[in-house]
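Please keep the model open while going through the points below. They are grouped by region.

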Amino acid sequence: ISNHMPTAELQALDAAHHLHPFTNGGELNTKGARIITRAKGVTLTDSEGNEILDGMAGLWCVNVGYGRKEMAEVAARQMLELPYYNTFFQTSHVPAIALSERLAKLSPHDLNHVFYAGSGSEANDTNIRMVRTYWAEKGHPEKKTIIARKNGYHGSTVGSGSLGGMTGMHAQGGMPIPDIHHIDQPNWYAEGGDTDPNEFGLQRARALEEAILELGEDKVAAFIGEPIQGAGGVIIPPETYWPEIQRICEQYNILLIADEVITGFGRTGNWFGCETFDIKPHIMTIAKGLSSGYAPIGGSLVCDEVAEVMNSCEFNHGYTYSGHPVACAVALENLRLLDEEGIVEKVGKETAPYLKKKWESLNEHPLVGETQLCGLMGSMALTPHKDSRAAFAAEAGTAGLICREHCFANNLVMRHVGDRMVISPPLVITNAEIDTLVERAWKALDQAHAQLKDEGLL
Ligand SMILES: Cc1ncc(COP(=O)(O)O)c(CNc2cccc(C(=O)O)c2)c1O
């Protein structure tokens, strides 16, 4: 089995043996999966030779772009030297030490300590157990409820999936686990009505205060939120939201967890979303852009105060691949490239401002109700009626799916979340590639508009 096999044969074998995430396998197997064979820069190539502009950087993660040989060389070298050892049982190794020191330097505030995982989900499972252990060690074992948002996304393990507010996920598998509480999200476009966005931002932040008072502040351990909700549809909160969340966490003495799995490592135009939104978290979840997806790795950056308590006990938690040496070495090389090639700096100074102008031009399209962009993550809301921001009559996601299919037909990857289209391209995207992205998006919108009209959905 190789890249040179006919597509149909690869699809048949895939259908026979491979169960895909978040996919209706029966439907996919009828259609046949698109086989991606190679990638370079921001461009994917599939088994039919199509060159596809990857507006999603894989799954929000290939920040440094595809095809960086330095990453492969570092991985190979590390594999030859020390392909694996664990960090349990009083042992450590240079890749984990070096990456930890680098992350302590790179991250904002006093997030000077790292607990490693193999993914963002596992890191958020760590966070659930860490905040509960923290409060138990401080003599408050009953302070264990974690507050999160509806339509938030924190992963797909039972713990992290419970932190997330995706009801479709909860319905499959008896989630959420006990002592997780969800509050409304700062999604002005869909839920703000004619409330002033800044007033709305305060209202939705105060939903946290109401929940704390309802639950009892002695019961609430932490609040977790993504600076910008990613998988929820790139929901950029009004600027009044995070300062109020920060104030409430301080007032009621609850830990603040910023989930930067998507917003971290340059995505919002700064190294971290906490810098973009002025958040001072006790814990920060990281993954994705940490290694640009070249190797699976995640983790929790932990502030001095929480780390001090965690170091005062034996935290009975950890994973075989916590601090995997090859993954750490690859992540370290990735951070070196992002830093030394000035990639993050260029996003903030040049690329994001350029994309913002081009992305906002899509507002002129009849299907587009609003566009949002922060750094290099953006969204547009599809609507049948701009002024009222009306939803489509058809089931949510129908228009989004139609638009996504037309994107692929135009050799562009854009994700749909309900009837919002989202982008999160590699940070190395050039202005010319941005022009191509927007041109192909416009074509897909035209074709989706025509199809929605033909099907009487407009
Ligand atoms: C904010 C956030 N936190 C945690 C996770 C979980 O990370 P892992 O997947 O590595 O366990 C995520 C992951 N986000 C994610 C993962 C897969 C698909 C999509 C999508 O938008 O289609 C988004 C995420 O976006």
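**Notes on the model**

1. Arg34 has a relative accessibility of 37% and counts as partly exposed. On this scale, buried means under 20% relative accessible area and exposed over 50%, with partly exposed in between (1.4 Å probe, protein chains only). The model is predicted: local features need pLDDT of at least 70, side-chain atom pairs count only at pLDDT 80 or more, and totals for chains, interfaces and linings use all residues. Residues are numbered from 1 along each chain as its sequence is written, and side-chain values use heavy atoms, leaving out hydrogens and water.

2. What does the side chain of Arg34 meet in a salt bridge? The partner is Asp46, at 3.1 Å from N to O. Arg34 sits in the loop between helix 2 (25-31) and strand 1 (36-40), whereas Asp46 belongs to strand 2 (residues 43-46), so the pair ties together parts twelve residues apart in sequence. Asp46, at 5% relative accessibility, is buried. A salt bridge here is a side-chain nitrogen of Lys or Arg within 4 Å of a carboxyl oxygen of Asp or Glu; by this rule there are 22 salt bridges. Helices (H or I, at least four residues) and strands (E, at least two) are DSSP runs, numbered from the N terminus.

3. Lys150 and Asp184 form another salt bridge, with their closest N and O atoms 2.9 Å apart. Lys150 is in the loop between strand 5 (145-149) and helix 7 (158-163), and Asp184 in the loop between strand 6 (180-183) and helix 9 (188-191), so this pair ties together parts 34 residues apart in sequence. Lys150 is partly exposed at 41%, and Asp184 is partly exposed at 30%.

4. Arg206 and Glu244 meet through their side chains in a salt bridge of 3.1 Å, N to O. The pair links distant parts of the chain, 38 residues apart: helix 10 (residues 197-215) holds Arg206 and helix 11 (residues 241-251) holds Glu244. Arg206 is partly exposed at 32%, while Glu244 is buried at 8%. A network of salt bridges links Arg206, Glu209, Glu244 and Arg247.

5. An open sheet of four strands runs in the order 1-2-3-13, with mixed pairing. Strand 1 and strand 13 (412-413) are at the edges, each with a single partner strand, so one side of each has no neighbour in the sheet. Two strands pair if DSSP finds at least two bridges between them. Strand 2 and strand 3 (residues 51-54) run antiparallel and are joined by three bridges. The bridge partner of Leu44 in strand 3 is Ile52.

6. Is helix 14 (residues 325-340) largely enclosed or left open? Twelve of its 16 residues are buried, so helix 14 is largely enclosed by the rest of the structure. Among the buried residues are Cys328, Glu333 and Asn334. Their cover includes helix 4 (69-81), helix 5 (94-106) and helix 15 (343-360), where contact means heavy atoms within 4.5 Å. Just after helix 14, Gly342 takes a positive phi of about 60°.

7. His385 lies in the loop between strand 12 (377-382) and helix 16 (398-409) and is partly exposed at 42%. Val368 is 17 residues from His385 in sequence and 8.6 Å away in space, C-alpha to C-alpha.
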